[in-house]
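Student: I'd like to learn how to read pockets and ring pairs in a protein model. Can we go through one together?

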Amino acid sequence: MRIELARGVWRPASEDDLAAIVAIADIVHVNYPEEDAVIAERLRLYPAGCTLLELDGKPAGYTLTHPWYYAEPPSLNMRLKAIPERATTYYVHDLALLPETRGSGAGGVMADAILAHARDSGYANASLVAVNSSVPFWSRFGFEVVSEPALAAKLMTYDADARFMVRKLSAE
């Protein structure tokens, strides 16, 4: 997926972008570290869900998304091994943006693109674990906090403010 912006572009990410993605993750997700191999695996397993944002010619954000199982978000720093054949949700692992992207509209454009991809791929819902006070951002795109008691312990591995969020999708 390629999306042109006023100051840059969202473009498909590849394993060649791993160093840039890791550098962004090290800034944005200080409290949620993941090994380079975990990120590389997602790039390899589901390239259609991985993008890199370049603003003014420099890496400034990325997405890692993929089909998965509803209410079973992968643990932090966990390798997936494979994308499930019978996935029940489209999972947003990361939409990470450097602080200098604020006000560019890049996050909203990509959130809409992720939802369109999920819907076009036939998923009934999209889900994510909201961290870094991102619940208000995701709420703007129709995601709602869902209480899944079985997830309480897993969410605490992120932090006390992590929330499981779901957006129902329909053919629009």
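Student: Which helix gives the most to the lining of the second largest pocket?

Tutor: First, a caution: this is a predicted model, where local features need pLDDT of at least 70, side-chain atom pairs count only at pLDDT 80 or more, and totals for chains, interfaces and linings use all residues. Residues are numbered from 1 along each chain as its sequence is written, and side-chain values use heavy atoms, leaving out hydrogens and water. Now the idea: rolling a probe the size of a water molecule over the atoms shows where empty space is left. A pocket is an open set of points on a 1 Å grid over the protein atoms alone where a 1.4 Å probe fits, with protein on both sides within 12 Å along at least five of seven lines; lining residues have an atom within 4 Å of a point. Here the answer is helix 5 (residues 152-156), with 3 residues; helices are DSSP runs (H or I, at least four residues) and strands likewise (E, at least two), numbered from the N terminus.

Student: And what gives the most to the lining of the largest pocket?

Tutor: That's strand 5, with 7 residues. Among the 40 lining residues, Val28, His29, Leu95, Ala96 and Leu97 are the closest to the pocket's centre.

Student: How many aromatic pairs are there?

Tutor: Rings of Phe, Tyr and Trp (its six-membered ring) pair if their centres lie within 6.5 Å; planes under 30 degrees apart are stacked, over 60 edge-to-face, the rest tilted. A search of the whole structure finds 8. One of them is edge-to-face: tyrosine 70 with phenylalanine 164, 5.7 Å centre to centre and 70° between the planes. Also, Phe137, Trp138, Phe141 and Phe143 are linked into a cluster by ring pairs.
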